[in-house]
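Take a look at the fold below. We will walk from the whole chain down to one residue.

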Amino acid sequence: MPYRELLDELESYADINYATFHKRLLKNDNINLIGVRTPQLRKIAKKYKSNVDELLTFPDDYYEVTFIKLTTVSLLEYVEFIKYVDKCVPLIDNWATCDCFVPKCIVKHRQDFLPYIYKYAEAESEFYQRFALTTLLHFYAEEQYALIIFSLIEKCNRELYYVHMAAAWLIAEALVKFYDVAKDFLLKNSLDSKTHNKAIQKAVESFRLTEEQKIFLKGIKR
């Protein structure tokens, strides 16, 4: 499958208005978009699941090409996925690509994948760190991983906007999944006020917390 063939296929689904809209959401002027909607990108990625090595040689000139690369890799079994993950994470340069890179094979290999999460969380790159946090959100939001989750949130660079937002999102999910433990974490006051308050804001917007819990959380905003 030549690169031009993939571009031709993508361009056949192009929606210029959607490209303009999505680019505004991405807030990154350096990203080029063809304008293909996410469900169609997922279908294309699934079709090329057996072409991972070839796909990874293609240039990342367009958001959609990178999206297909990462989605295709995310469909692999863990033993294959793990061969490619270190090549994939450096390709992430926006929140949407990051948040859609959700390799479900991690579910059955959470302990095995933890060293990668630590590695990415400790990297300087904003989207390495965001990927570490969103992976915790997708696959580790359980009380048994609470200490790992909170220690990595404390260590990550929350001055980076997309890391800050992922950290708040993860804490909010922790409040839903294991409220008492997450509440005690917030009461430690180990976070900057911005992340502390954003996490509470996200949590109280959830229908999965009680009114009593929401009232308490609003009361500990800083």
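This is a predicted model: local features need pLDDT of at least 70, side-chain atom pairs count only at pLDDT 80 or more; totals for chains, interfaces and linings use all residues.

Begin with the secondary structure. The protein has 14 helices and zero strands. Read along the sequence, the pattern is α-α-α-α-α-α-α-α-α-α-α-α-α-α. The radius of gyration is 19 Å, close to the 17 Å that the globule rule gives for 222 residues, so the protein is as compact as a globular protein of that length. Along its principal axes, the C-alpha trace spans about 55 × 40 × 30 Å.

Now look at how the chain packs. Of the 222 residues, 52% count as buried. Consider the contacts with a separation of 6 or more: residues 24 or more positions apart account for 69% of them.

Next comes the surface. The protein exposes about 11100 Å², and carbon and sulfur atoms supply 51% of that area. Charge is next. There are 31 positive and 31 negative side chains. The centres of the two sets lie 4 Å apart.

Finally, zoom in on H164. This residue lies in helix α11, which covers residues 161-177. Is H164 buried or exposed? Its relative accessibility is 1%. Buried means under 20%, so H164 counts as buried. What does H164 touch, leaving aside its neighbours within four places in sequence? H164 is in contact with R158, K194, T195 and K198. With T195 there is also a polar contact: the two side chains are joined at 3.0 Å.

Terms used: Residues are numbered from 1 along each chain as its sequence is written. Side-chain values use heavy atoms; hydrogens and water are left out. Helices (H or I, at least four residues) and strands (E, at least two) are DSSP runs, numbered from the N terminus. The radius of gyration is taken over C-alpha atoms; the globule rule is 2.2 Å times the number of residues to the power 0.38. Buried means under 20% relative accessible area, exposed over 50%, partly exposed in between (1.4 Å probe, protein chains only). Contact means heavy atoms within 4.5 Å. Accessible areas come from the Shrake-Rupley method with a 1.4 Å probe; for residues, only the protein chains shown count as cover. Lys and Arg count as positive and Asp and Glu as negative; His and the chain ends are not counted. The place of a charge is taken as NZ of Lys, CZ of Arg, CG of Asp or CD of Glu. A polar contact is a pair of N or O atoms within 3.5 Å; within protein, one must be able to donate a hydrogen and the other to accept it, and residues adjacent in sequence count only if both atoms are side-chain atoms.
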